[in-house]
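Please look over the structure shown here, with attention to its pockets, its strands and its aromatic rings.

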Amino acid sequence: MEYISHSVAETEDLGARLAAVLAPGAVVAYTGGLGMGKTAFTRGLARGLGCRGRVTSPTFTIVNEYDGPTPLFHFDMYRLPDADALFDIGWEDYLDRGGVCAVEWSEQVAEALPPEAVRVTIARCPDHEDWRSITIEGADAL
């Protein structure tokens, strides 16, 4: 399903809506360039999961963890060379912890992602620089 977001707030709201249909253990795989709104979408995802804490990009830490009824593990794969590096940081342990894994730059580690991962692609709308086209694949009832 494709959505048009007219603002950061709408992008966050769409993330919160997705959270409502995710089961513990879900993986959300993002693709989209720098500054497209992946972290904003994740802020909404965290809010929808009931997580506390300020959501920031994990660019330099690789993963940020947010506690809540369903925890959120927010990964940034931009600096990882390949999927093997993901396994080195305990990817399988995160998958087994019953939270939701949100993975920015998922194309860097595509072979490590489960086939049932929800795919979220965020791109700039050609006619409106501040708007985003957000395509979500693999999530039912959104």
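The model is predicted. Its largest pocket has a volume of about 240 Å³ and is lined by 20 residues, of which Gly35, Met36, Gly37, Lys38 and Thr39 lie nearest the centre. The elements that give two or more residues to this lining are helix H1 (8-19), helix H2 (38-49) and strand E7 (128-137), and the largest share, three residues, comes from H2.

Strand E5 (residues 100-104) is largely enclosed by the rest of the structure, because five of its five residues are buried. Val100, Ala102 and Glu104 point one way from E5, while Cys101 and Val103 point the other way, and all are buried.

E5 pairs with strand E2 (residues 27-31) in the parallel sense over three bridges, and within this pairing cysteine 101 of E5 is the bridge partner of valine 27. Strand E4 (residues 72-76) also runs parallel to E5 and is joined to it by five bridges, with glutamate 104 in E5 as the bridge partner of aspartate 76.

## The aromatic cluster

The structure holds four aromatic pairs. One of them, formed by phenylalanine 75 and tryptophan 91, is edge-to-face, with 5.2 Å centre to centre and 75 degrees between the planes. Phenylalanine 75 lies in strand E4 and tryptophan 91 in helix H4 (residues 91-96), so this pair ties together parts that are 16 residues apart in sequence. Phenylalanine 75 counts as buried because its relative accessibility is 0%, and tryptophan 91 counts as buried because its relative accessibility is 0%.

Phenylalanine 75 also forms an edge-to-face pair with tyrosine 94, at 5.1 Å centre to centre and with 85 degrees between the planes. This pair links distant parts of the chain, since phenylalanine 75 is in strand E4 and tyrosine 94 in helix H4, 19 residues apart. Tyrosine 94 is buried, with a relative accessible area of 11%, which is under the 20% cut-off for that term. Ring pairs link Phe73, Phe75, Trp91 and Tyr94 into a cluster.

Methods: Residues are numbered from 1 along each chain as its sequence is written. This is a predicted model: local features need pLDDT of at least 70, side-chain atom pairs count only at pLDDT 80 or more; totals for chains, interfaces and linings use all residues. Side-chain values use heavy atoms; hydrogens and water are left out. On a 1 Å grid over the protein atoms alone, a cavity is a set of points where a 1.4 Å probe fits but cannot get out, and a pocket is an open set with protein on both sides within 12 Å along at least five of seven lines; lining residues have an atom within 4 Å of a point. Grid points are joined across faces, edges and corners, and a volume is the space filled by probe spheres set on the points. Helices (H or I, at least four residues) and strands (E, at least two) are DSSP runs, numbered from the N terminus. Buried means under 20% relative accessible area, exposed over 50%, partly exposed in between (1.4 Å probe, protein chains only). Two strands pair if DSSP finds at least two bridges between them. Rings of Phe, Tyr and Trp (its six-membered ring) pair if their centres lie within 6.5 Å; planes under 30 degrees apart count as stacked, over 60 as edge-to-face and the rest as tilted.
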